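Keep the structure open as you read.

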Amino acid sequence: MDLTQTPLRGLLPAQPPTVLELDLSRGILSGAPASPRDALRALQAPTMRSIRDGLREAAKDERVAGLVINIGDCPLTAGQVDELAELITRFGEHRPTVAHTSSFGELTNGLFGYRLASHCHQIWLQPSGSVGIQGVALGVTLFRGTLDKVGVEPEFGQRHEYKTAANQFAAHEVTEPQREMMQRIADSVLAETVTRVAERRSLPPEAVRAAVDSAPLTAAEALEHKLIDRIGYRDEVYGWLTENWGKIIPAAPRPWRPEPDEGPQVRLQYVHRYAKQGFGGAAQQLAARSKPAIAVVGVQGGIVTGQSQRSAFGGQQAGADTVAAQLRAAGRDSGVKAVILRVDSPGGSYVASDAIRREVVRLRESGRPVVATMGDVAASGGYFVSMAADEIVVNPTTLTGSIGVLAGKFVTTGLTDRIGLVREELAAGARARMFSNLETFTDDHWQTLDRWLDEVYADFTTKAATDRKMPHATLEPLARGRVWTGADAVQHQLADRLGGMDTAIDRVCTLAGLDRDDAVLRTGPGFPFLAQLRPAESSESGHTDTRLADDLLAGGPALGTLAGTGGLEALWRQAAEALGVAAPGVLSLPFVPQLR
């Protein structure tokens, strides 16, 4: 696409042409605000939906000249990068796009920032900046040595060798299956990145891989390798835009009047502000009520029984009762023609995951297609709730699969002895103390636990094979607790296609026989924390976090549970959660690998 071509020149519209701007230094919110703090942040940080709506509408708007993106330090997750890259690519099929940054990493890895920028027609880099695309590194942390020192003994069972979450606590060394799995994740992400950059930059893949192995590259070296198009500071980027697209003027609410003898002018406006300007009218919202709806139901955070809520440390938890009620509500609504299940979860409770999957199956039986779209991670229980959908859409870097199970406990008698704490339990029942932290598993306990692990694993793999229409003998070797990237999951038929929310919307509209331009997305509730100020009418009201109203008054989530009913075990679980090494259930990916 010719970036200097502006078909709008010579016209005199009521408003000047618009140059859309996206500043990623503020970050992006992937979902609707779930707390007052998130709502305040949303005033400045755009949501992925507002970007999607804005770019989709702007691509059809002849008064939009193009898009300029400040990559900044790219404080986005890998999943957000892939989701945004898809939107930029689609917009770029109609309008020119320019990315700029001071540096793709400064003595740090800037692979994902550059990966995103490569989807633009032109990339600018500050003269003192660099292109730090050194590759992908995954860290593995084992806590067993530390636990030994403090007198805590982990006892866990797992199915099977790749379900290595328990290794974080139980293993003294990284096992070969864990090393193999982690290495494949890193190799997959890098290989997919090299392929993507090569395609976008019209370079041989081997040349891109050579640049990766030579990184970090100076701006001059990056230009020589054709990884960037121009070297310049921000003022030079916007000077180029002025020279080729028109003099940039700030967006303002006052009526625009062209200044004489100043030549063509363009108005600069954030993408999410353009989206709000275009979709905020009451008449449009009223008209949308008569259109066929696509319900979007989210599964965010650890999957638990009961209601969705925030954990004591502020993380989200997806309650099966809440999610199931929203799915049932979609099934009862005659205006809802299809459902998108938006999953970003490391899993959790087996029974909670199974309850959500049941509602997905029932929705499909009602004739409504369901498409699951996965964010950064949708593994173990996150995969369990997704696998019954008509189609599964994944980002290339999504961490998914982990079809396996683990369970166990921490025996803390060594710790309590060291700190002089006296604890004693009195029990009635042969197995009443099976999961007590004051004694190790007996042979009978291990037999009981192993039998249960086998049953859960068999149920998981059988349902997965049925849902994915694969012979069990084909699926089971892909299970065994192994985590896959989205790219590998598609290759092994654990998912259907690569893409983000935009692709999921396209697919569910196709399956439902809907014209996308005539359908509306319906998410609910839009502001969960406000919904809590209304009393629930029934268990189908769809209310979520019952503690949010209290948090509003108290100024934040209460930490009283640390010293409350759970005692020392609750303290241990909460501390593990705060460290990011605990998830609420046996279908969990307690330690989510961080791509960097």
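Buried means under 20% relative accessible area, exposed means over 50%, and partly exposed lies in between (1.4 Å probe, protein chains only). This is a predicted model: local features need pLDDT of at least 70, side-chain atom pairs count only at pLDDT 80 or more, and totals for chains, interfaces and linings use all residues. Residues are numbered from 1 along each chain as its sequence is written, and side-chain values use heavy atoms, with hydrogens and water left out.

**Salt bridges**

- A salt bridge is a side-chain nitrogen of Lys or Arg within 4 Å of a carboxyl oxygen of Asp or Glu; the count comes to 40.
- Arginine 482 pairs with glutamate 180, with the closest N and O atoms 3.1 Å apart.
- That pair links distant parts of the chain, 302 residues apart.
- Arginine 482 is buried at 10% relative accessibility, whereas glutamate 180 is partly exposed at 40%.
- Glutamate 391 and arginine 497 also form a salt bridge (3.2 Å, N to O).
- Glutamate 391 is in strand S18 and arginine 497 in strand S22, 106 residues apart; strands are DSSP runs (E, at least two residues) and helices are runs of H or I (at least four), numbered from the N terminus.
- Glutamate 391 is buried at 10%, while arginine 497 is partly exposed at 31%.

**Within helix H3**

- Arginine 90 bridges to glutamate 86 at 3.5 Å between the closest N and O atoms.
- Both lie in H3 (residues 78-92), four residues apart, about one turn of the helix.
- Shared partners join Glu86, Arg90, Asp502, Asp506 and Arg516 into one salt-bridge network.
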